[in-house]
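Hello,

Here is the structure I promised to pass on. My notes on it follow below.

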Amino acid sequence: MDIQIIQNKIYEIRGQRVMLDFDLAALYQVTTSALNQAVKRNIKRFPDDFMFQLSKGEFDNLKSQIVTSSWGGTRKPPYAFTEQGLAMLSGLLNSDVAIHVNIMIMRAFVQLRNMIVQSARYSAELAEFRSRLLLVEREVRENLEAMNDLSEDVRRDFDTSERCP
């Protein structure tokens, strides 16, 4: 399984990176209801910061942003699992497929974090380049002003020397 496929199923909702129950069910090759039943049987493992149900508005918004995806006949908003919720979920599902998928999901989240850290570094470097560029622009402007002043002085001296023979 390609990590990119998993990363494409990671959404940011309520300021957290999450995966939705129907995407997870498809990856684990189980039905969404079977996945949710396993969670409900072990609900103590899933506090609100590990798993939450999307509001209808959040789900409608998500569907409108991702027009290429088929959402099927989902009647109620899905559950969203944070990275910690996914780790808890891995303890519930013990098939070979689930184990393999969980390993890939953890790798996808690690890779995503690494990309974010790298992006932050690039942003910091870009900010430093911008400040250096502003400094260089100011120096160039000052140099051009000095050259213009010098040119005016030379032109004035030249004009004065031509008038006085």
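**Tyr28 and the cores**

Tyr28 touches Leu35, Leu89, Leu93, Val97, Ala98, Val101, Asn102 and Ile105, leaving out residues up to four places away in sequence. Please bear in mind that this is a predicted model.

Tyr28 also stands out in the largest nonpolar core. That core has 25 residues. Met19, Leu24, Tyr28, Phe81, Leu89 and Ile105 touch the most other members. Two or more residues each come from helix 1 (3-7), helix 2, helix 3, strand 4 (79-82), helix 5 (83-92) and helix 6 (96-163). Helix 6 gives the largest share, 7 residues. There is also a second, separate core of 10 residues, with Tyr11, Ile13, Leu62 and Ala80 among them. As background, nonpolar side chains in soluble globular proteins tend to be buried together.

**Helix 2 against helix 3**

Helix 2 covers residues 21-28, and helix 3 covers residues 32-41. Their axes come within 8 Å and cross at roughly 105 degrees. The two helices are therefore roughly perpendicular, as the range for that label is 65 to 115 degrees.

Which residues meet here? From helix 2 they are Asp21, Phe22, Leu24, Ala25 and Tyr28; from helix 3 they are Thr32, Leu35 and Asn36. By class, the contact has 5 nonpolar, 2 polar and 1 charged residues.

Helix 2 is mostly covered, with 7 of its 8 residues buried. These are Asp21, Phe22, Asp23, Leu24, Ala25, Leu27 and Tyr28.

**The buried side of helix 3**

In helix 3, Leu35, Asn36, Ala38 and Val39 are buried. Those four cover an arc of only 155 degrees around the axis, so they lie on the same side of helix 3. The buried residues of helix 3 pack against helix 2, strand 3 (51-53), strand 4 and helix 5.

Asn36 deserves a separate entry. Its relative accessible area is 10%, so Asn36 counts as buried, the cut-off being under 20%. Neighbours within four places in sequence aside, Asn36 is in contact with Asp21 and Tyr79.

**Positive phi values**

Most residues other than glycine have a negative phi. Two residues here are worth a look on that count.

Gln29 lies in the loop between helix 2 and helix 3. Is Gln29 buried or exposed? With a relative accessible area of 62%, Gln29 is exposed.

Arg14 is not a glycine either, and its phi is positive at about 55 degrees. Arg14 sits in the loop between strand 1 (10-13) and strand 2 (16-20). Arg14 is partly exposed, at 46% relative accessibility.

**Glu145 and Asp48**

One last pair. Glu145 is in helix 6. Its relative accessible area is 48%, so Glu145 counts as partly exposed. How far is Glu145 from Asp48, by C-alpha atoms? The two C-alpha atoms are separated by 62 Å, and the residues are 97 residues apart along the chain.

**In brief**

To recap, start with Tyr28, which is among the residues that touch the most other members of the largest core. Then look at the crossing of helix 2 and helix 3, at roughly 105 degrees. Finish with the positive phi of Gln29 and of Arg14.

Best regards

Technical notes: Residues are numbered from 1 along each chain as its sequence is written. This is a predicted model: local features need pLDDT of at least 70, side-chain atom pairs count only at pLDDT 80 or more; totals for chains, interfaces and linings use all residues. Side-chain values use heavy atoms; hydrogens and water are left out. Axes are lines fitted to C-alpha atoms, for helices over the stretch in contact, and angles run from 0 to 180 degrees between N-to-C directions. Angles under 35 degrees count as roughly parallel, over 145 as roughly antiparallel, 65 to 115 as roughly perpendicular and the rest as oblique. Contact means heavy atoms within 4.5 Å. Ala, Val, Leu, Ile, Met, Phe, Trp, Tyr, Cys and Pro count as nonpolar, Asp, Glu, Lys and Arg as charged, and the others, Gly among them, as polar. Buried means under 20% relative accessible area, exposed over 50%, partly exposed in between (1.4 Å probe, protein chains only). A nonpolar core is a set of buried Ala, Val, Leu, Ile, Met, Phe, Trp, Tyr and Cys residues joined through side-chain atoms within 4.5 Å. The arc is that of the directions from the helix axis to the C-beta atoms.
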